Amino acid sequence: MALLKRLSYFVAAFFVLLVQKKINARELHGQAVKKGLLEPATLFGKKSEFEKAVSALMNPEFHVDEALGGQDYTNNWAVYVAGATEPVKFAGATAKQVVYGVPNLKAGQISAAIVSVANRGGGGSLDTQNFIMAGWLVSPGDYGDTRTHFFTYWTADGSRNTGCLDMRCWGFILANNSQLIPGSVIDNYYDISIKIFKDQNTGDWWLHYGQGDNLTPMGYFSKWIFTSLQQEATELQFGGLVSFNSSYTSPPMGSGHFPSKGEPAAASFKSVRFVDANGLETPIKDIRYNVNNVKCYDLGKFVFDHFLYGGPGGCK
Ligand SMILES: *[C@@H]1O[C@H](CO)[C@@H](O)[C@H](O)[C@H]1NC(C)=O
Ligand SMILES: *[C@@H]1O[C@H](CO)[C@@H](O)[C@H](O)[C@H]1NC(C)=O
């Protein structure tokens with residue numbers, strides 16, 4: 001048993017090194033693309049299931065209460081949104097959340113809790129939508145299991161030609177010695193704290209994670225993969241997101257309980273703050289409720305820096 005554990009450690013370490021090497025090469029590639037030295041290469045591989053789940057949330061018209069998606073899948077969300085309607089600038093976002101399992105999900109069903117930092121580039125088209133997301137994700141179609149994973153995602157064009165879940169392609173540079181990496185299973189975590197913020201010296205967007213107030217670096221999204229997010233962010237989102245195709249009903253969000261059930265039954269976001277240009281974490285004053293299927297999911301009141309979210313799903 002001990003030997004097996006050791007062996008799997010070495011295999012994992014080797015794999016991380018391998019990925020790290022590849023990523024560095026791809027970061028250089030990304031820089032070269034942004035500097036106009038290379039033609040942008042279409043990202044290899046197929047789109048992740050997660051990308052389908054976020055596509056509607058990225059749509060510039062998403063605040064119009066509609067269940068957008070493709071013909072064969074539906075996206076539902078219950079998120080609080082900061083910025084977007086006001087010209088404000090954020091250097092990042094941070095929140096703490098309880099991690100839940102969503103057992104019995106099938107490929108074609110997704111349930112996630114997200115912290116999102118975005119700049120839509122001022123344009124009305126998808127092409128200008130820059131997003132960074134992190135949180136927990138259950139997606140059998142992406143991971144081949146029903147466990148809860150820590151995920152990261154970025155796109156520089158509303159997920160049209162760029163976009164990457166975890167480290168399936170380039171863009172995220174792992175920090176040295178991070179115990180978790182994008183995609184790691186976290187179903188043994190009770191809660192997780194996430195902070196995404198812009199390093200004012202380098203312009204890169206760092207991701208820190210941890211439990212409680214004890215955060216450590218996981219890595220960063222190179223500024224070169226972005227366009228509008230080379231500046232500050234103008235929009236933050238916090239909450240739950242689900243996606244499902246017509247073979248299934250909608251999955252549970254959060255703990256599977258409505259916010260009206262109260263704590264501790266309902267899932268929560270706590271210490272929800274924005275990060276200002278000086279790196280200070282500040283409570284958010286103006287925040288907007290955005291739920292597109294109140295029959296199935298909802299948000300509780302945003303009280304200072306804390307709210308409940310979720311629902312049982314089971315809708316068509
Ligand atoms: C639903 O998604 C699963 C997994 O991707 C797929 O096998 C199935 O064919 C999809 N069903 C429909 C109706 O699209
Ligand atoms: C990891 O360590 C190497 C060697 O000290 C350093 O060059 C590199 O910048 C570090 N990576 C990160 C993401 O901090």
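Let's start with strand β12, residues 267-275. Seven of its nine residues are buried, so the strand is largely enclosed by the rest of the structure. Buried means under 20% relative accessible area, with a 1.4 Å probe and protein chains only. Strands are DSSP runs of E, at least two residues, numbered from the N terminus.

This is a predicted model: local features need pLDDT of at least 70, side-chain atom pairs count only at pLDDT 80 or more, and totals for chains, interfaces and linings use all residues. Residues are numbered from 1 along each chain as its sequence is written, chains are lettered from A and ligands numbered from 1 in the order written, and side-chain values use heavy atoms, leaving out hydrogens and water.

Now, which strands pair with β12? Pairing takes at least two DSSP bridges. Strand β2, residues 92-98, is antiparallel to β12 over five bridges. There, Lys96 has Lys270 as its bridge partner. Strand β16, residues 307-310, runs antiparallel to β12, with three bridges. Five residues lie between β12 and β13 in their hairpin, and Gly279 takes a positive phi near 85°.

On to ligand 1. Around it are Glu49, Ala107, Gly108, Asn245, Ser246 and Ser247, each with a heavy atom within 4 Å. The protein covers 50% of the 360 Å² of accessible area that ligand 1 has on its own, by the Shrake-Rupley method with a 1.4 Å probe. One ligand nitrogen is 2.7 Å from a side-chain N or O atom of Ser247.

Methods
Polar contact = N/O pair within 3.5 Å; in protein donor to acceptor, adjacent residues only side chain to side chain. Buried < 20%, exposed > 50% of the residue type's maximum accessible area, 1.4 Å probe, protein only. Helix = DSSP H or I, 4+ residues; strand = E, 2+ residues; numbered from the N terminus.
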